[in-house]
Each structure stands twice: as structure tokens, then as C-alpha cells.
Amino acid sequence: MAVHQPTHRTSGLHLPSLRRNRAAAAPGSAASAETGTRTARAYVWASARVLMGFVFLWAFLDKTFGFGYATASGKGWVDGGSPTEGFLGHVAVGPMESTFHTWAGAAWADWLFMLGLLGIGLALVAGVALRLAALAGTVMMALMWVAEWPPAQHLSDGSASMSTNPFVDYHLIYAVVLIALAAVSAGDTFGLGRLWARLPLVRDHGWLR
């Protein structure tokens, strides 16, 4: 007589496997965390872009209308004042001192400087043409850095320059930030960067992005 061993059957009730759930949830959690990090990073760059844009726009507005901050009331561009005469005319150090004195107050210098401030500011705030804005802004910051010439400890008249750092100052920081904003396409968040990139002219000429 054959003896049949009883077959053990499960009741159909399965307890959840914590190990399996963890393994299944891990990829999703990692992807979600990565997405959150990218989003936060995009928001930070977008905020930096708008704030940097306001720096240039405010300089343009103050020099144009003379709000009484860096430009005295009644001395604005619309009042007949020169946006470059005050700064370039008082350069007292550096290898381009005499050159800047020659440029100070010239109509072409005033227009070029003011259009640069306005164009860079609008591009940054709107999030378009960031490569052009970065190029123009870097050239502007480099010229202003040379005008102040931080490496010098003394001015041309022998007085102390009051330079706090022989190389790094806010002009260089601004230039690096401008380049970084263009490199990370900071105009795609809170800006018109994506729409701008789809324009046929921009699509065919990458340097316009």
C-alpha cells in the first residue's frame, strides 16, 4: 500500500516582503530625488538670472533718469548728463587710464554703454539670447575691472587705491555668473528660453541662444 504524503498548500495569504518592496521602491525614489534636485537647481539658476538682469536694468534706469542713487537727481542721461563721463573721467589707475579719459563723455561711448546695459538686462530677465548677453556682459565687466585695476596698491597720484583684493572683485564674479547662466540654459525656467530656441533664426544660428 502506497503511503501518500500530505501536500502542504498555502492558504493564499502572502505577507509582504520588505526586502522586495525596498528593492522595487529604490529606483523610483532615486529617480524622484534626482528630478527634485534638477528642478531645485533650475529654480536657483533662474532666480540668479533674474537678479543679475535687475542689476543691469537698474544701472540703466538710474543712469538714464537720475534716481539719486549712483546718479544724482537732475544728472541723468535724459537731463543731458553723460553716463560714462563720471566713471571713466575719474579713472586714476591702470594701463588704460589715459584711454578711458579720452572715451569719457563721448557720444558713442555713452550709447554703447547704455545699450549694453539695457540689452543685457532685458535678455537676462526674459531668459533669451543668454550667450550674447554673457559675451557682452563679460567684455563690459572686463573693461570696468581694468578701469578700477585691483592689482594696484596705489593710484597714479601715489595715494592708496584701497583695493581689497589684487585679482578677484565683483566684476569678475559677475562675468563668471553670466557665463554660467548661458552654459546651463538658465532661461528655460521662468523665462522664454525654450520659445526663443525654437525660432528658425535662432535654431540655425546657435550663437543667438
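Q: Where is aspartate 62 placed?
A: Aspartate 62 is in helix α1, residues 18-65; helices are DSSP runs (H or I, at least four residues), numbered from the N terminus. This is a predicted model, in which local features need pLDDT of at least 70, side-chain atom pairs count only at pLDDT 80 or more, and totals for chains, interfaces and linings use all residues. Residues are numbered from 1 along each chain as its sequence is written, and side-chain values use heavy atoms, with hydrogens and water left out.

Q: Which side chain of opposite charge is nearest to aspartate 62?
A: Lysine 63, 6.1 Å away. Aspartate 62 is buried and has no salt bridge. Buried means under 20% relative accessible area with a 1.4 Å probe, protein chains only; a salt bridge needs a side-chain nitrogen of Lys or Arg within 4 Å of a carboxyl oxygen of Asp or Glu.

Q: And what does aspartate 62 touch?
A: Leaving out residues up to four places away in sequence, aspartate 62 touches Phe67, Gly68, Tyr69, Ala70 and Thr71, where contact means heavy atoms within 4.5 Å. A polar atom of the aspartate 62 side chain lies 3.2 Å from the backbone nitrogen of phenylalanine 67.

Q: Changing topic, how many helices and strands are there?
A: Eight helices and zero strands.

Q: How far apart are the end C-alpha atoms of α5?
A: They are 26 Å apart, which agrees with the 27 Å that its 19 residues (130-148) should span at 1.5 Å a residue. The expected span is 1.5 Å times one less than the number of residues.

Q: What comes just after α5?
A: Tryptophan 149, with a positive phi of about 45°.

Technical notes: Helix = DSSP H or I, 4+ residues; strand = E, 2+ residues; numbered from the N terminus. Buried < 20%, exposed > 50% of the residue type's maximum accessible area, 1.4 Å probe, protein only. Lys, Arg positive; Asp, Glu negative; His and termini not counted. Polar contact = N/O pair within 3.5 Å; in protein donor to acceptor, adjacent residues only side chain to side chain.
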